[in-house]
Amino acid sequence: MAALVLATPFAAQATAEADLGSGHASYYSNEFAGRRTASGELFDPADFTAAHRTVAFGTRVRVTHLGNGREVIVRVNDRGPWGRGRIIDLSYAAAKELGMHRSGTAQVRLRLVGS
């Protein structure tokens, strides 16, 4: 019984999402469609993918638009963003889901999604 009680906090931590911070997001123009990303795969604006400077390729990240509360989960497959003050570049599909495809940028929060 004591082992079950002691194991509970560890189980809760394993499923928690790690905070990756907040900042400005932007999205890739469709002109990059078909070009190779830093991970070697071809960029597809219809996929839910993103570029981040340090997060490992294949990592899933929950992106929350702080202005409207909408969320999307993307898979990191590229490096960037290279625009000053940006923390993530999203595919067009992810930007549209968040409702930022018209403005081009949004204030977001990033959380690492546990596997």
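## Terms and model

A residue is called buried when its relative accessible area is under 20%, exposed when that area is over 50%, and partly exposed in between, using a 1.4 Å probe and protein chains only. By this rule Phe 32 is partly exposed, because its relative accessible area is 31%.

The model is predicted: local features need pLDDT of at least 70, side-chain atom pairs count only at pLDDT 80 or more, and totals for chains, interfaces and linings use all residues. Residues are numbered from 1 along each chain as its sequence is written, and side-chain values use heavy atoms, with hydrogens and water left out.

## Strand pairing

Helices (H or I, at least four residues) and strands (E, at least two) are DSSP runs, numbered from the N terminus. Two strands pair if DSSP finds at least two bridges between them. Strand β1, residues 18-27, is antiparallel to strand β6, residues 105-112, with eight bridges; in this pairing Gly 21 is opposite Leu 110. Strand β1 also pairs with strand β5, residues 86-90, in the parallel sense over four bridges, and here Ala 25 faces Ile 88.

Strand β4 has two pairings to describe. With β2 it is parallel, over three bridges, and Ala 50 stands opposite Val 76. With β3 it is antiparallel, over five bridges, and Arg 60 stands opposite Arg 75. The hairpin of β3 and β4 has five residues between the strands, and Gly 69 in this hairpin has a positive phi near 80°.

Thr 64 belongs to strand β3, residues 60-65. Thr 64 counts as buried because its relative accessibility is 6%. A contact means heavy atoms within 4.5 Å. Beyond residues up to four places away in sequence, Thr 64 touches Gly 69, Arg 70, Glu 71, Gln 107, Val 108 and Arg 109.

A nonpolar core is a set of buried Ala, Val, Leu, Ile, Met, Phe, Trp, Tyr and Cys residues joined through side-chain atoms within 4.5 Å. The largest one here has 18 residues, and Val 63, Val 74, Ile 88, Leu 90 and Val 108 have the most contacts inside it. The elements giving two or more residues to this core are β3, β4 (71-78), β5, α2 (92-98) and β6. Setting aside neighbours within four places in sequence, the contacts of Val 63 include Val 74, Ile 88, Leu 90 and Val 108. In soluble globular proteins, nonpolar side chains tend to be buried together.

## Aromatic rings

Rings of Phe, Tyr and Trp (its six-membered ring) pair if their centres lie within 6.5 Å; planes under 30 degrees apart are stacked, over 60 edge-to-face, and the rest tilted. The count is three aromatic pairs. The pair of Tyr 28 and Phe 32 is edge-to-face, because the centres are 6.1 Å apart and the planes stand at 75°. The pair of Tyr 28 and Phe 43 is tilted, because its centres are 4.6 Å apart and its planes stand at 35°. Both Tyr 28 and Phe 43 lie in the loop between β1 and β2 (49-51), so this pair ties together parts that are 15 residues apart in sequence. Tyr 28 and Phe 43 are both buried. Ring pairs join Tyr 28, Phe 32 and Phe 43 into a cluster.

## Two charged residues

A charge sits over a ring if NZ of Lys or CZ of Arg is within 6 Å of the ring centre and within 35 degrees of the ring normal. The charged end of Arg 79 sits over the ring of Phe 57, 4.2 Å from its centre.

Glu 31 is in the loop between β1 and β2. Glu 31 is exposed, because its relative accessible area is 56%.
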